[in-house]
Every structure is written in C-alpha cells, then in structure tokens.
Amino acid sequence: MLPPQASHMGLTRCHICGMTCVNDRPGIGDLRCGRCRAPLHGVRADRIGASWALLLAALICYIPANVMPVMYTQLLGNGSESTILQGVAEFWRSGSYGIALVIFIASVVVPCTKFVTLGLLLVSAQRKTPWKRRERAVLYRLVEVVGYWSMLDVLVVAVVAALVKFRALGDVEPRVGILFFGAVVILTMLSAMQFDPRLNWSGEDS
Amino acid sequence: MNPSFPSEPGTPVVSTRRRRPSLIWLVPTVAAVIGLSMLMHAWLSSGPVITIDFMTAAGLEAGKTPVKYKDVTVGMVSAIDLSPDGSRVVATVQLDQSAASLDRVDSRFWVVRPRIGLGGVSGIDTLLSGAYIAVDKGNANASGKRFLGLETPPTVTHGSQGRSFVLRARDLGSIDIGSPVYFRRIQVGQVASYRLAEDGRQVDLQVFINAPYDRFVTSATRFWNASGVDVSLGADGLKLNTQSLATVMAGGIAFATLVHGGAEVRAVSGAVYDLAKDEKEAMASTDGPAQFFQLVFAHSLRGLVVGAPVEFFGQSIGEVASVRLDYAPGKQKFVTAVGINVYPSRLGSVLEKLPKSAGDTERRTAQFLAGMVAHGLRAQARSGNLLTGQLYISLDFLPRSPPANFDVDARPLVLPTVNGDLDQIQEQIASIVGKLDKLPLESIGQHVDASLKDLDEVLRQLHGQVLPEATQSLKQVRSALGAAQGLVDPQAPLQQNIGQTLEQVQRAARSIREFLDMLKRHPESLLRGLPKSSAPSVAAPTDDTHPSQISRTVP
C-alpha cells in the first residue's frame with residue numbers, strides 16, 4: 001500500500017509560493033492560492049484535451065510533410081523536387097546507407113514513435129489504468145528528450161538551401177513540405193509539454 | 001512541523017469564471033484547414049493523367065522529367081512502366097490543370113533529346129537539363145487518355161499556318177521527314193510524314209507548305225523530287241542539277257506552277273499531287289494522253305534506253321517507253337521492238353493548224369500519219385552522243401527512203417523505220433573496206449618489191465661507175481670555167497688587145513667615114529685628086545696626131 005497522495009488528503013500545493021492549500025471542494029470553480037493568488041491546480045487532467053489537440057494537429061501536418069516536396073534541387077538546368085521519402089530512397093540507392101538511415105530515423109521513425117507513444121500515454125492516462133506505470137514514465141522522458149532531434153531534416157534543408165547557390169549551375173530551394181515537417185516537430189513537442197506526467201500516476205493502484 | 005506555521009491549512013477563495021471551450025482545439029482545426037486546402041489545391045490544380053507509349057525510356061525519369069508545351073512546364077512524368085507485353089515503355093504523365101486541354105486525341109508527344117541531323121542540331125539545351133517530353137496540341141475536341149509517343153519530333157506543329165498536301169511518289173528516294181520543300185529555291189515547307197500506300201505500289205508523302213507560300217500551290221502546280229545532285233548523262237549530254245547544298249545532303253522536293261496552266265485554282269488542303277522524278281518529268285506530265293507507237297528496227301540498238309527522247313524535227317515530243325528483243329519468224333531475223341510514247345500536245349499550236357478529220361482520236365492520228373508516212377516520215381535511231389553512244393529516236397521526213405506501207409488499223413500503230421545515220425555511215429565504211437579488201441595488195445607488194453630490187457641495182461651501178469666519172473667531168477668543167485674566167489677578166493691581155501683593136505677599128509671607121517664624106521662632097525676627087533680649096537686641114541691634123549700618138553704609146 002502506497003502512502004496517500006495530496007489529492008487524497010484534499011490538499012493542493014501552490015506552484016508559485018509553495019503554500020499548501022485545502023482543496024476539498026473540487027468542481028466548484030477555479031481555486032487560487034490564498035497567499036499569492038496564483039491559480040491552484042492539482043494534476044492537470046484538463047490538459048489532456050490540449051495534448052490531444054496538438055497531437056492531432058501534428059498528425060494532420062505530418063501528411064503534407066511527407067506528401068509534398070521539401071526541397072527543390074536544380075543541377076545544370078535539371079530541376080527536380082523531392083519529398084523526404086524520395087530523398088531517403090535516393091540516398092539509399094546511391095549507396096549512402098548511413099545518411100539515408102539518419103534521415104529516415106529523424107524524419108519517419110522518431111515522429112511516428114512520438115505519435116504512438118503520446119497517444120498511448122494519453123489513452124492510458126485518461127483510463128487511469130495502473131498498467132506499467134514505471135515504463136510509461138520512462139517513455140514520457142524519452143519523448144521529451146528525443147523531441148529536439150526531429151528538427152534534423154529542417155536543419156539540413158535550411159543549411160543546404162543557404163549554401164548551394166550557384167545560379168545556373170546548381171540551386172537548392174526549400175519547398176512547403178519542410179514547413180509542415182517543422183510544424184509536426186513543434187506540435188509534438190508542445191503536445192508532450194502539455195501532458196502532465198503526474199497523470200501517469202493517478203488512479204487506483206493495482 | 002514548524003511551530004511558526006498554522007496547523008490548519010489555508011482556505012482558498014473561489015473565483016467564479018466562465019468556462020470556455022479550450023482554444024487549443026483551434027490548432028488542429030487550423031492544421032486541418034490548411035492541410036485540406038492544400039489537398040484541395042493539389043486536387044484542383046492537377047489535370048488529367050495520361051499515358052504515353054514510347055519505344056524507349058532513355059532520358060525519362062519518373063518524378064523528374066517534365067512535360068513542356070511551348071517551353072512551359074505543364075506536367076510531370078509520374079511513373080514509367082513497361083507495357084504488359086514488354087515491347088514498349090508506358091510513361092504516366094500528370095498534367096497540370098492549366099494544361100488540361102492538351103490531352104486532345106490528336107495531340108502528339110515526343111521526347112526532346114539532343115539530335116544531330118542533316119537538317120541541323122536540335123535539343124542542345126537538354127544536354128544539361130536532361131530530356132523532356134514535348135507536346136504538340138491537337139485540334140480535336142475529344143480528349144484521350146492513352147497516346148503513342150513519336151520517336152522523332154514532328155516537323156509540323158498544329159499551330160503553324162499553312163496547308164498540307166499529299167504527294168504520290170514511286171519511291172521515297174532520299175526524302176525523309178523534315179526534308180525541305182522549295183519554291184523557286186526558297187524553302188517554303190517541309191515533308192511532314194510519309195507512308196507506304198495500302199497496296200504498296202507508291203509512297204504517300206505529306207508535305208506542309210507554310211503560309212503565305214501555300215497560295216502558290218494551285219491546280220497547275222507540279223511537284224518533283226529535287227533530292228541530291230541530279231547528274232544525268234543522256235542523249236542530250238551531261239546535265240547536273242541541284243536545288244541547294246542542303247538538298248544534296250538531306251534530299252528535298254521542289255514545286256513550280258505551269259505558266260500556261262489556264263485557269264488556276266488554289267489547291268485545297270490535302271490535295272493529291274504526283275511527285276515527279278525530276279523537273280523535266282514534272283513539266284512533261286502535263287502533256288495529256290500519250291500516243292503509243294511501235295517501232296521495229298532490224299539492227300541492234302545498243303545505247304537506246306527507256307526514257308530516251310523521241311524527237312520530231314528536233315523537238316522533243318516523247319520518250320522511249322520500252323526496248324525489247326523480238327523475233328520476226330518470216331525473215332528469220334532478230335529485231336528490236338521499241339515502244340515510244342508521243343505526247344501530241346507537245347506540238348502545241350501546231351496541232352491546231354493540222355487538218356482535221358472525222359473519227360476518234362486514234363483513227364484520226366492513224367490517218368494523219370498514213371499521209372505523213374507517204375511523204376517520207378520515218379523513225380530512225382540516231383546517235384545523240386558519240387562519246388557515250390546514247391541513242392535517241394528521231395521522227396523525220398526522209399523523202400529518199402524506200403516506200404513503206406503503214407497499216408492504219410494496226411494497234412498499236414507501227415511506224416516504219418530506217419537505219420540510223422550512224423548505221424548508214426557504218427555501211428558505207430564497210431563497203432569501202434570491202435573494196436579495199438578486193439585490191440591485189442599482195443601481188444602489188446611483190447611487184448613493188450621486185451622493182452625496188454631493180455632500182456637498188458641501178459643505184460649501186462650509179463654509185464660505182466657513173467658517179468666517179470661525173471665527178472671528174474665536173475672537175476674538168478670547173479677548170480674550163482676557170483680558164484674562161486681568165487679570159488673574160490678585164491685585166492687579161494686578151495681583153496686589152498681586143499680593146500685596142502676595137503679602138504683602131506673605130507679609128508679606121510672614122511677615117512673611112514671622113515673619106516666617104518669627102519668623096520660625097522667631092523666625088524671628082526677620085527679622079528682629080530683632092531682639091532686645094534677644101535679644108536681637110538681641119539681634120540687632117542687630128543687624124544695625123546692620133547696615129548702618131550698611138551704609135552708612140554704602143555710600140
């Protein structure tokens with residue numbers, strides 16, 4: 001039997017001034033700290049919706065990010081637009097397996113993992129299921145850490161587009177797909193930030 | 001627990017705030033709206049998807065090869081697959097919405113690659129940029145989904161002004177798609193396409209004449225093949241004819257309009273013309289119906305070829321249509337049967353002046369010719385070029401030729417022939433040679449030989465006996481002449497003596513004359529002697545002094 005949580009005892013700690021407030025009348029309105037008037041909140045169960053919304057937005061943006069070209073390459077008058085997966089396939093075909101793998105992981109594996117992980121966390125948090133709480137906590141930390149690295153694609157396109165400017169000989173320009181990809185990364189990060197990891201621990205223990 | 005803190009927790013205040021729907025849901029809504037709008041845009045801007053069959057996918061790449069119309073990118077090759085039977089390459093092309101009207105059923109697609117042809121170099125820009133598919137928009141209203149790509153760029157695009165015509169040729173020659181068409185040596189069009197006629201008997205060429213030159217194509221226009229260098233070594237000598245240097249390499253077609261074409265009507269698009277072999281034939285093909293005649297020559301006609309001219313009074317009025325060996329069983333001889341085509345209309349205005357008679361054309365011709373044959377019209381194979389031995393057929397009046405019968409009812413009409421001029425010369429030479437052959441050259445030779453031997457003997461005698469004597473005689477003559485010369489020399493004593501003698505004779509003569517004068521005056525003195533009164537003293541002293549002087553000088 002675990003020790004009781006603050007909510008069980010009808011207490012809430014103010015995040016700003018650290019005062020412990022009685023919170024035994026849930027559902028009557030917004031509570032504010034008696035000392036610093038900061039909003040009082042316990043576990044932010046209401047943030048689940050926001051997290052869901054951002055995750056959904058990221059998922060929506062992920063479709064054009066993959067379908068639309070991210071980069072326009074023009075070499076000796078032969079211009080072509082390529083999507084992320086085309087770029088990966090091209091690198092793979094030309095023998096640059098390492099680069100292909102890095103781009104694939106950064107642009108496909110990581111975002112998809114984040115979608116699935118966040119979705120899983122959100123669902124399990126909503127259900128308040130006691131299933132594998134510790135592993136879920138690890139997953140959440142992983143999502144937070146890995147989030148920044150998804151910007152690799154955007155970075156590559158930005159750098160290459162800035163560097164390769166040889167007028168007629170060669171030119172690289174970013175295309176609208178990379179914007180969506182950047183939006184995906186940002187939205188998933190925001191979604192992860194909205195998720196209160198304490199939700200992981202709410203609910204009955206098995 | 002710290003005693004300075006109250007043991008009871010603080011009581012929070014309750015602030016009433018209106019519950020609002022979370023604004024965070026705006027984010028996925030906006031994302032969805034943007035995504036949907038882009039989807040809509042993509043869906044709206046994408047035109048029809050078509051497939052084009054090519055023989056090869058060289059230079060084509062899915063997702064990279066653009067489709068261009070008037071050098072504007074209007075689509076993209078989205079996929080390249082093999083056709084089910086593996087014989088062709090099927091390129092799937094996504095056209096833009098703005099270019100949706102390009103999918104007409106008669107639109108043509110071809111791959112623009114660098115090409116080096118006789119007509120020039122094209123598609124250089126694709127060396128760097130890679131190949132692309134070019135479109136020529138069709139005129140049809142119906143739109144198609146599946147197209148057959150051209151292997152070579154079309155020479156005539158749908159937008160170009162002008163008209164196309166069909167030329168019927170016996171063979172393609174060196175003409176190719178894109179070969180130029182010339183009018184007065186100006187390029188006015190090109191060959192758009194060619195195909196073998198259904199029955200395989202001719203080649204149908206489609207030529208396109210650019211505006212505004214297409215109006216020069218009328219009902220009286222004749223086309224001919226102007227390909228390459230036309231070197232003809234015929235009965236009328238060596239002829240070299242060409243349109244331009246380009247046609248020498250790439251072939252070409254020329255056309256011209258007959259000047260005496262009468263009422264000319266502008267030709268409609270798609271009108272069919274015959275493509276003549278050369279300019280001469282093109283212009284001759286207006287000669288109306290040809291009249292066929294058969295000529296039978298009893299001698300060999302080496303050098304007479306099909307197409308050799310038939311001349312009447314020096315004017316070309318036809319051509320040889322056939323030359324073949326024949327056998328005349330009656331005479332047991334091989335003869336040469338020559339068929340000729342005569343174009344009576346080439347006689348022009350002469351025809352109208354000729355007497356008219358009733359009956360159909362053939363009948364009239366036969367009767368007219370019967371009269372002409374009676375007046376000595378004969379066909380003759382003449383040598384047009386001694387160097388090459390080319391022959392031509394000459395129709396001429398030879399009044400001295402032996403009479404010939406002309407069958408008015410024979411079909412084809414058979415014109416009587418005589419041997420050619422060269423043959424006559426040959427015959428004469430043969431008779432001369434025969435006569436020469438009959439001369440007893442051998443005996444003449446023997447006689448001449450014997451005579452020459454005699455002469456040789458005589459000459460030897462002359463040399464041995466006569467010549468030394470003659471030399472001697474000549475020497476004597478020379479010495480005699482020398483002696484004579486000595487006599488005649490003015491310094492010679494004889495000469496001087498003669499001179500003195502003559503002087504004395506002269507003096508004697510003078511004396512005699514004086515004596516005779518005196519006698520004339522005084523005839524009596526013969527009897528009485530010299531009278532005293534006379535004055536001989538005048539002369540006497542001179543007479544006396546002279547002899548004394550002479551006697552003194554010449555003792």
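Trainee: How many residues does each chain put into the contact between A and B?
Mentor: In this predicted model, chain A brings 31 residues to the contact and chain B brings 19 residues.

Trainee: And what area is buried between chain A and chain B?
Mentor: About 2200 Å² is buried between the two chains, with carbon and sulfur atoms giving 68% of that area. On the side of chain A, the residues that lose the most area to chain B are A:Val22, A:Asp30 and A:Arg32, which together make up 21% of what that side buries.

Trainee: Which elements of chain A touch chain B?
Mentor: Those that give two or more residues to that side are the strands β2 (20-22), β3 (30-32) and β6 (78-82), together with the helices α1 (47-67) and α6 (176-194), each of them in chain A. The most comes from α1(A), which supplies nine residues to the side that touches chain B.

Trainee: How do the residues on that side of chain A divide into nonpolar, polar and charged?
Mentor: The side of chain A that touches chain B has 20 nonpolar residues, seven polar ones and four charged ones.

Trainee: Where do B:Asp53 and B:Arg146 lie?
Mentor: B:Asp53 is in strand β2 (residues 46-54) of chain B and B:Arg146 is in strand β10 (residues 146-148) of chain B, so the pair ties together parts that are 93 residues apart in sequence.

Trainee: Switching topic, which helices supply the nonpolar patch on chain B?
Mentor: Both α7 (421-438) and α8 (441-488) of chain B supply at least two residues each, and the largest share, nine residues, comes from α8(B). The patch covers about 1000 Å² of surface, and its residues include B:Ile432, B:Leu436, B:Leu441 and B:Val466; of these, B:Leu441 is placed in helix α8 of chain B.

Trainee: Last one: where is A:Thr129?
Mentor: A:Thr129 sits in the loop between α3 (97-127) and α4 (133-146) of chain A. Leaving aside residues up to four places away in sequence, A:Thr129 touches A:Ser124 and A:Arg136.

Trainee: And how far apart are A:Thr129 and A:Asn200?
Mentor: Their C-alpha atoms are 8.4 Å apart in space, while the two residues are 71 residues apart in sequence.

Notes:
Residues are numbered from 1 along each chain as its sequence is written. Chains are lettered from A and ligands numbered from 1 in the order in which they are written. This is a predicted model: local features need pLDDT of at least 70, side-chain atom pairs count only at pLDDT 80 or more; totals for chains, interfaces and linings use all residues. Side-chain values use heavy atoms; hydrogens and water are left out. Contact means heavy atoms within 4.5 Å. Buried area is the accessible area (1.4 Å probe) that two parts lose on being put together, summed over both. Helices (H or I, at least four residues) and strands (E, at least two) are DSSP runs, numbered from the N terminus. Ala, Val, Leu, Ile, Met, Phe, Trp, Tyr, Cys and Pro count as nonpolar, Asp, Glu, Lys and Arg as charged, and the others, Gly among them, as polar. Patches are made of residues with over 30% relative accessible area and no salt bridge: like charges are joined within 9 Å, nonpolar side chains (Val, Leu, Ile, Met, Phe, Trp, Tyr) within 5 Å. Accessible areas come from the Shrake-Rupley method with a 1.4 Å probe; for residues, only the protein chains shown count as cover. A salt bridge is a side-chain nitrogen of Lys or Arg within 4 Å of a carboxyl oxygen of Asp or Glu.
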